[in-house]
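What can be learned by following a pair of packed helices first, and then a single helix with its surroundings? The paragraphs below take these two topics in turn.

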Amino acid sequence: MTDTDFSRRVTTAVSAAPLLADIESARERVGRVAQVTPMESSRFLAEIIGSPVYMKCENLQRTGSYKIRGAYNRISSLSDDEKARGVVAASAGNHAQGVAFAARELGIKATIFMPIGVPLPKLQATRNYGADVILRGHSVEEALRAAAEFAAATGAVVIPPFDHIDVVTGQATLGLEILDQVPDADTIVVPIGGGGLISGIASAVKQRAAQTGRTVRVIGVQAANAAAYPPSLAAGEPVEITTSPTIADGIHVSKPGLLNFDIITELVDEVVTVSEADTARALLLLLERAKQVVEPAGAVGVAAMLSGKIVDAGTAVVVLSGGNIDPLLMQRVISHGLAASDRYLKLRIMLPDRPGQLARTAELVAEANANVVEVLHTRHGKGLQISQVELELHIETRGPEHRDQVIAKLRDAGFELRIEQ
């Protein structure tokens, strides 16, 4: 039996899934531009889930994410006539950069539609890769419509972010790398937006593992505020949901891809969700403990581990899918992560309006070995008596126990506190 025959037998239930032979061919093509990214062991995550954990660092990939794999595989597969017409895509970030880079490497004209207000670093990076960037609309959906209109008018080929067999096959090359680097992997944890990455990884991993008689679990993770897969899987078909804002903008997708949904239904073992606070904590932990700059969408797999969503994992691999984070967003997410980890305390104190009270408060915080990072002192707060002032303190602490010690120190001194979440 040939490898192709074996792969076809494994994927009989999913006629849309790429065959292992096709993924191997794509790996050779994608390897012309994509790096084999590092696989780092993680002691701190291993302690949390109770088994070995490895991090696949696609945040260190060229263009800052895995997207270059699918984009290059799709564009390099175009006919000469299609290449001559150029390509067009719509994206607020990683897909835009992947398409722009791939098109430049192949000498093809690329036009990228991005929503107005896209973070400046992502906009500039896409332009630096040589694409013609057009700002249109205030959402990715509006940019997608503009890209479709452009394609109809010019003949440019639309490069979708996830719902195409060539894109899925390109992303599947990551699955082969994972098993090359961690042959004994039992569980692979992958972020999900539209589903291109996980449907590719699952296609590659399930077929490769089956050749050796092994079973590998593939678990997907979505942001709870944009989790279209759980209701879609329950309904047995792609369902469009109403999303809420999420810091994980790279996986903020309201409806699964049709191709991706079919593959995920058959090959992905479980899909879990994580909160915004979980994701912020994960991003902060990756910065501090792993020295990895990861965007929120790329950190949701780690968030799932931190929040206890990944159990009985055996040897686990978590995919850090991207590292393109706007510095301003990073600043906000770090603050949110500190608060979510009980390492940032914001409280209000009612004080008598007389000399020495501010100094006394600062002295008590210092005695508790905490650090005040911001102070607001006002006589104009609501509910204040004429003889009172309100002091707002922002305090760095070392965690929940230290936070409680600071609060107790101030209360024992007779201060009335209002703690803000």
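In this predicted model, helix α9, which spans residues 165-181, packs with helix α10, residues 196-211, at an angle of about 50°, and their axes lie 7 Å apart. Angles from 65 to 115 degrees would count as roughly perpendicular and those under 35 degrees as roughly parallel, and α9 and α10 are therefore oblique to each other. The crossing in which α9 passes α10 is right-handed.

The residues that bring the two helices together can be followed on both sides. From α9 come Val168, Gln171, Ala172, Leu174, Gly175, Leu176, Ile178, Leu179 and Asp180, and these meet Gly196, Leu197, Ser199, Gly200, Ile201, Ala204, Val205, Arg208 and Ala209 in α10. Sorted by class, this contact of α9 with α10 is made up of 11 nonpolar, five polar and two charged residues.

Helix α6 is the second topic. Its 12 residues, 94-105, reach 17 Å from the first C-alpha to the last, which is close to the 16 Å expected at 1.5 Å a residue. The helix α6 is mostly covered, with 10 of its 12 residues buried, and the buried residues are Asn94, His95, Ala96, Gln97, Gly98, Val99, Ala100, Phe101, Ala102 and Ala103. Among the elements that cover these buried residues of α6 are the helices α4 (67-76) and α7 (120-128), together with the strands β3 (87-90) and β4 (110-114). Just after α6, the chain comes to glycine 107, which takes a positive phi of about 70°.

Notes:
Residues numbered from 1 in each chain as written. Predicted model: local features only at pLDDT ≥ 70, side-chain atom pairs only at ≥ 80, totals over all residues. Heavy atoms only, no water. Helix = DSSP H or I, 4+ residues; strand = E, 2+ residues; numbered from the N terminus. Expected span 1.5 Å × (residues − 1). Buried < 20%, exposed > 50% of the residue type's maximum accessible area, 1.4 Å probe, protein only. Contact = heavy atoms within 4.5 Å. Axes fitted to C-alpha atoms, helices over the stretch in contact; angles between N-to-C directions. Parallel < 35°, antiparallel > 145°, perpendicular 65-115°, else oblique. Left-handed = near helix turned anticlockwise from the far one by under 90°. Nonpolar A, V, L, I, M, F, W, Y, C, P; charged D, E, K, R; others polar.
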